[in-house]
Every structure is written in C-alpha cells, then in structure tokens.
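Welcome, and please have the viewer open beside this text. The report is a short tour, with residues to look up along the way.

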Amino acid sequence: MKCMMEDLPEPLLGEVVKRITRASDRKSLSLVSKQLYTLEAEHRDAIRVGCGLGPATQALKSLFSRFPNLCKVEINYSGWTSSHGEQLNKQGLCMLSSHCPLLSDLTLSFCSNIDDSGLACLSGCTKLRSLRFISTPAISWRGLSLVVVGCKHLSILHLVDCVAISIEEWLVYLGRYGSLEELVVKDCKQISQYDLLKFGPGWAKLQKFEFEINGHYWLTAPSDPSYVAGYPYSYDICCENLKDLRLAHTVTDKEIGLRYLLGKCKALETLCLEYVFGLDENEMIALFQSCGNLKSISLRLMPLHFYYEHDHDFRTALTDDSLKALALSCPMLQGVEFTFTYCSPDYPTEIGFTQNGIVTLIQSCPIRALVLNGANIFYDSGMKGLSISQSLETLELVDCRSITDAGLDFIIQAPCLSNLTLRKCMCVTDKGIAALARSRKLESLTVIGCRQISQEGVLGAAKSVHYSAEVESHDSLKGMKMQRK
C-alpha cells in the first residue's frame with residue numbers, strides 16, 4: 001500500500017488525504033511514510049485540543065508549526081484540574097494568531113487563563129469569521145471590543161456562561177459596522193434581553209439568534225429602562241432575514257423585550273420558544289400567518305394565570321387557534337415539539353391545546369418528526385389519528401402517561417414510521433413492545449425510564465435498540481436548568 005500511495009501524483013494524493021476525515025485514520029496514515037506525514041500535516045485544517053496537552057504554550061507551538069494551514073481550532077479545558085498542568089494563556093493566543101494565518105473558526109471553552117490582554121492578540125486574526133467563548137470567566141467587554149473591531153469579517157459569535165461580559169459599546173459597533181449573521185448568548189448574567197436590543201441595524205443582517213438565561217429567571221428578571229407605562233412600545237428593529245430564532249427562559253410581559261422580534265420575523269424556518277413568560281396568542285397567530293417557510297417549531301410551555309373581565313384561566317399560553325394558524329399557513333412544517341411542564345394530569349384544561357388540535361396539525365402538514373412531552377391530553381385515540389399520517393417518520397413520546405399498549409398498536413400502522421422513542425411512558429408494557437417487534441418495521445427504538453418495559457422485552461423490536469431503566473430527572477425531561485453555574 002505504501003508504494004502504491006507514494007506512486008500517486010502529489011495533487012491526487014492530497015485529494016485522497018482530504019477525504020479521510022477521522023482523526024485516528026489520519027494519524028495512522030501519517031505514520032506510513034515521511035511524505036504522507038508531511039502531506040497530512042499540510043492538509044490538516046482543523047484541530048481540537050484539551051486537558052491532556054501540556055505544557056500548553058510549548059505544545060501548541062509545536063502543533064501550530066506542524067499544521068500551518070489550520071482554519072478551525074477548538075481549545076477545550078472542560079474537566080481541567082491543576083494536575084493537568086498549565087492552561088492556554090495570552091502567549092498561547094499570540095502564538096495562535098501568528099502561526100495560523102488562515103484561522104477562520106475559533107472556540108475557547110473553559111479557558112480560565114484567557115483575559116482581555118489575550119483577546120488583544122486575536123484582533124490580528126483578520127480572517128476570523130466564527131468565534132465561540134464558552135465559560136471563559138476572565139474576559140470582559142473591553143477585550144471583546146478589541147476583537148470585534150479588529151476582526152472585520154466576523155459573522156458568527158457565541159457567548160456562553162461568560163459572566164464578566166456586559167454590552168457596553170461592542171454590540172452597538174457590531175450592529176452599525178459588522179456583518180454578524182449568527183449571535184448566541186446564553187447564561188451571561190450581565191447581558192439582559194433589553195441590552196441586546198441595542199444591536200440596532202445589525203438585526204437586519206442576522207440569520208440566527210439565540211438567547212437563554214437559566215436559574216430562577218422569573219424572580220430576577222431585569223426591567224427595560226426604555227419602557228414607559230401608557231405609551232406605545234416599539235423599537236426601530238428590522239429582522240426580516242432572521243431564519244432561526246430561539247428564546248429560552250425569558251420574561252416578556254408588559255415590558256416586551258425580545259418578544260418584539262416575533263412581530264417582525266417573516267423569513268423564519270426554525271422557531272424555538274422555551275418557557276417564555278408573556279406570550280400573546282394573537283401575536284403568535286400573526287407570526288405563523290406571515291412565516292410560510294417555517295419548517296420546524298419547538299414550544300415548551302407551562303400554565304400561567306390569564307385574567308379576563310369576569311373570569312380567569314390557568315393554562316398554557318397558546319390554544320388550538322395557534323395550531324389552526326400553523327396548519328393553514330405553514331405548509332412546509334416538518335418538525336414539531338410540544339413540551340408541557342407543571343401541568344396536572346387531573347386538570348387537562350391546564351394545557352391549552354387539545355388532542356384533536358394536535359392531530360389535525362399533524363394530518364395537515366408534512367410532519368416528519370414529532371415530540372410530545374408531558375401531553376396529558378393525548379390518549380390512545382390520538383395515536384390512532386397520528387397513524388394515518390403519510391409523512392411521520394420519527395415519534396418521541398416523553399412523560400405521556402395516557403398512552404398505553406393500545407396506542408403502540410395504532411402508531412405502528414403509520415406507513416413511514418421508522419424511529420420511536422419512549423421516555424418515562426409508565427403505561428406502556430412489554431406487550432406493546434412485542435407488537436412493535438412483530439411488525440419488523442422500526443429502524444431504531446429508544447426506551448428510557450419506562451418501568452413496565454424490560455430490557456429483555458425490547459430485544460429484536462428494531463434494528464437498533466437503546467434501553468435504560470434509569471428514570472431521568474424532571475429538569476432533564478423538560479429541558480430546564482433551575483440551577484445556574
């Protein structure tokens with residue numbers, strides 16, 4: 001093999017090397033000969049290093065010298081302890097900047113020694129387009145400002161658990177002069193949803209936006225300094241190019257904040273709203289009616305009090321009217337998730353949707369993937385309604401205590417169903433799984449925390465089977481993070 005490989009013209013050999021993507025395979029290839037060692041290094045464009053690399057500065061210098069054409073670098077110190085030795089510091093970032101002229105994508109995770117002086121080195125990476133900071137506690141708005149001014153082609157920025165970063169002027173600058181297309185902000189306690197509205201004209205270029213805050217967010221929600229009771233509430237924001245929007249764990253009531261975006265989006269393809277307080281159903285219906293390209297929607301809801309002139313409700317914010325708008329206005333919808341938490345099974349009206357509303361939506365749109373989580377209003381008869389869907393390929397049932405073996409008998413009749421997940425479905429037994437096995441149509445089956453289903457019962461029920469008897473925590477099942485880092 002060695003002789004055959006080395007006899008190939010170098011350009012063709014280079015194409016072969018580029019098509020080998022697994023790191024272990026490329027490492028093995030580089031040990032075959034000096035030529036392949038050199039060629040593999042020249043064509044390596046991505047690298048990921050972590051705690052095992054030390055001392056960091058010298059080791060990185062060696063790596064960057066060997067791989068001169070790196071475009072993507074990820075440095076991740078998750079799980080680091082002092083026994084692992086020195087972490088990356090300012091000198092390491094300066095070396096990265098000087099040795100990687102093609103660097104366009106950089107991720108720094110759990111890098112506690114990186115501070116603003118180190119970010120000054122990054123400002124020289126003129127080709128940098130994607131930058132992700134994850135749990136980097138020592139960087140502040142000052143260092144970030146240097147990066148956004150120096151890296152003029154920056155189009156992707158992720159800030160996750162960056163406790164010292166506040167908005168100040170860097171976001172205003174990016175909004176006016178930058179070309180940011182993707183912005184993700186999670187658990188940055190000095191950045192509120194109202195601060196992000198300062199992005200101004202930058203919203204017009206943005207295609208993906210995520211904002212998430214965890215912990216007891218409804219108890220410590222900041223106020224909007226621009227809100228004045230009794231006056232029209234508006235921002236000069238245009239976001240008609242926004243295709244992917246996710247808002248998680250935010251309070252948007254009288255002080256609308258980021259909920260204002262929902263009235264301005266017309267190009268959405270993916271929408272995730274997770275435990276957003278203050279959703280207005282009329283606004284949501286108008287959003288669905290204007291987003292004909294919507295392909296995926298995830299709604300995670302909990303019941304709230306709604307007061308009327310002579311009455312009040314305690315339910316989730318949206319009703320079947322929203323589902324009807326989705327069915328009529330979003331013909332490209334393919335992925336749906338409905339998660340309900342803190343909804344009592346004894347009071348089904350705490351969920352604003354009905355079984356009929358959900359079934360009608362699935363039958364009206366080409367839904368290929370459906371997740372129902374905590375849907376106490378969904379019964380075996382609803383599974384019968386789903387079984388006539390001509391598009392449904394993947395179904396995940398989580399904490400659906402009203403679904404029994406009879407429901408599985410119905411759903412296995414769905415013509416395209418090939419992937420099924422059951423998590424904490426306590427009324428499904430081995431008998432229902434046996435019906436799946438007899439059908440011989442499932443490609444994959446995942447069963448987690450279903451106490452009446454045994455490991456022996458799932459054997460042979462699908463080509464690929466994953467089983468765990470462990471019951472997941474409430475926060476894990478519902479996608480909640482009540483404790484902040």
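What follows covers the disulfide and other cysteines, the aromatic contacts, the cavity and a few backbone details.

This is a predicted model, in which local features need pLDDT of at least 70 and side-chain atom pairs count only at pLDDT 80 or more, while totals for chains, interfaces and linings use all residues. Residues are numbered from 1 along each chain as its sequence is written, and side-chain values use heavy atoms, with hydrogens and water left out.

## Cysteines

Let us begin with the sulfur atoms. A disulfide is a covalent bond between the sulfur atoms of two cysteines; here a pair counts when the two sulfur atoms are within 2.5 Å. The count by this rule is one disulfide, and the bond joins cysteine 94 to cysteine 121, with 2.0 Å from S to S. Cysteine 94 belongs to helix H6 (residues 90–99) and cysteine 121 to helix H7 (residues 116–122), so the pair ties together parts that are 27 residues apart in sequence.

Cysteine 94 is partly exposed at 29%, whereas cysteine 121 is buried at 14%.

Two other cysteines are worth a look. The closest cysteine sulfur to that of cysteine 125 belongs to cysteine 151, and at 6.0 Å it is too far for a bond. Cysteine 125 is buried, with a relative accessible area of 5%. Cysteine 188 is in no disulfide either, as the nearest cysteine sulfur, in cysteine 162, is 4.8 Å away. Cysteine 188 is buried as well, at 1% relative accessible area.

## Aromatic contacts

Next come the rings. Rings of Phe, Tyr and Trp (its six-membered ring) pair if their centres lie within 6.5 Å; planes under 30 degrees apart count as stacked, over 60 as edge-to-face and the rest as tilted. The structure has five aromatic pairs, and the table gives two of them.

| Pair | Centre to centre | Angle between planes | Class |
|---|---|---|---|
| Tyrosine 173 and tyrosine 177 | 5.0 Å | 50 degrees | tilted |
| Phenylalanine 338 and phenylalanine 353 | 5.0 Å | 55 degrees | tilted |

The two tyrosines sit in helix H9 (residues 170–177), four residues apart, which is about one turn of the helix. Tyrosine 173 is partly exposed at 25% relative accessible area, while tyrosine 177 is exposed at 57%.

For the phenylalanine pair, phenylalanine 338 lies in strand E13 (residues 335–340) and phenylalanine 353 in the loop between E13 and helix H13 (355–364), so the contact ties together parts that are 15 residues apart in sequence. Phenylalanine 338 and phenylalanine 353 are both buried.

Elsewhere, one aromatic cluster is formed by Phe199, Trp203 and Phe209. There is also a charge over a ring: the charged end of arginine 315 sits over phenylalanine 306, 4.7 Å from the ring centre. That label requires NZ of Lys or CZ of Arg within 6 Å of the ring centre and within 35 degrees of the ring normal.

## The cavity

A cavity is a set of points on a 1 Å grid over the protein atoms alone where a 1.4 Å probe fits but cannot get out, and lining residues have an atom within 4 Å of a point. Grid points are joined across faces, edges and corners, and the volume is the space filled by probe spheres set on the points.

The count comes to one cavity of 30 Å³ or more, and the largest cavity has a volume of about 70 Å³. Its lining is made up of Tyr275, Val276, Phe277, Leu279, Arg300, Leu301, Met302, Leu304 and Ala317. Of these residues, eight are nonpolar, none is polar and one is charged. In this grouping, Ala, Val, Leu, Ile, Met, Phe, Trp, Tyr, Cys and Pro are nonpolar, Asp, Glu, Lys and Arg are charged, and the others, Gly among them, are polar.

## Backbone details

Tyrosine 275, one of the lining residues, has a positive phi near 55 degrees although it is not a glycine. Tyrosine 275 lies in the loop between E9 and helix H11 (281–290) and is buried, at 1% relative accessible area.

Histidine 249, likewise not a glycine, has a positive phi of about 60 degrees. Histidine 249 is placed in the loop between strand E8 (244–248) and strand E9 (270–274), and is buried at 3%.

Definitions and conventions. On a 1 Å grid over the protein atoms alone, a cavity is a set of points where a 1.4 Å probe fits but cannot get out, and a pocket is an open set with protein on both sides within 12 Å along at least five of seven lines; lining residues have an atom within 4 Å of a point. Buried means under 20% relative accessible area, exposed over 50%, partly exposed in between (1.4 Å probe, protein chains only).
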